[in-house]
Amino acid sequence: MKITLVLVAFIFLASNAVAADSFATRVHEAKVVEASSSGKAYQPLLWQQVGSYTATVMRRCFPDGTRPDVTTFTLVADILPSRALSRVEVRPKTKMSACFASGFERAAFPALPESFGNRIMPIEIDMTVKQ
């Protein structure tokens with residue numbers, strides 16, 4: 001019985017480590033794209049189009065007078081050629097950060113740079129909550 005529990009615990013820990021690596025890898029890949037010439041050109045277009053909407057989602061998910069359940073979080077996602085988001089993840093995942101991820105997912109994103117062709121564009125956003 002002890003061997004089974006240890007094995008189950010090991011598998012659980014290993015799967016969590018892989019998931020964490022996957023998130024960290026995706027964040028790194030998005031930062032590399034953001035630093036590229038295409039990524040740098042896309043950033044102003046992105047925030048011009050989704051900036052106000054992002055602020056609205058933040059106010060909805062982190063209302064004034066409510067103590068936030070997280071003060072910093074990171075969102076990583078892929079923008080599809082169709083301008084929709086895919087594979088949206090947030091860490092740490094709390095009720096409020098998950099609310100933001102769900103709302104941000106519905107934003108109307110600008111068209112991807114031509115250099116991406118029919119490929120996805122990874123993005124990451126580091127958010128800080130100030131109350």
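Predicted model: local features only at pLDDT ≥ 70, side-chain atom pairs only at ≥ 80, totals over all residues.
A salt bridge is counted where a side-chain nitrogen of Lys or Arg lies within 4 Å of a carboxyl oxygen of Asp or Glu.

Arg26 belongs to helix 1 (residues 2-35) and Glu89 to strand 2 (residues 85-91), so the pair ties together parts that are 63 residues apart in sequence. The two partners are classed as follows. Arg26 has a relative accessibility of 6% and counts as buried, because the cut-off for burial is under 20%. Glu89, at 25%, counts as partly exposed.

Glu89 also forms a salt bridge with Arg91. Here the closest N and O atoms are 3.2 Å apart. Arg91 is partly exposed, at 30% relative accessibility. These contacts belong to a wider set. Arg26, Asp78, Arg87, Glu89 and Arg91 are linked in a network of salt bridges.

A further salt bridge pairs Asp126 with Lys31. The closest N and O atoms of Asp126 and Lys31 are 3.9 Å apart. This pair links distant parts of the chain: Asp126 sits in strand 3 (residues 121-128) and Lys31 in helix 1, 95 residues apart. Asp126 has a relative accessibility of 47% and counts as partly exposed. Lys31 is partly exposed as well, with a relative accessible area of 40%. Helix 1 thus carries Arg26, paired with Glu89 of strand 2, and Lys31, paired with Asp126 of strand 3.

How values were computed:
Residues numbered from 1 in each chain as written. Heavy atoms only, no water. Helix = DSSP H or I, 4+ residues; strand = E, 2+ residues; numbered from the N terminus. Buried < 20%, exposed > 50% of the residue type's maximum accessible area, 1.4 Å probe, protein only.
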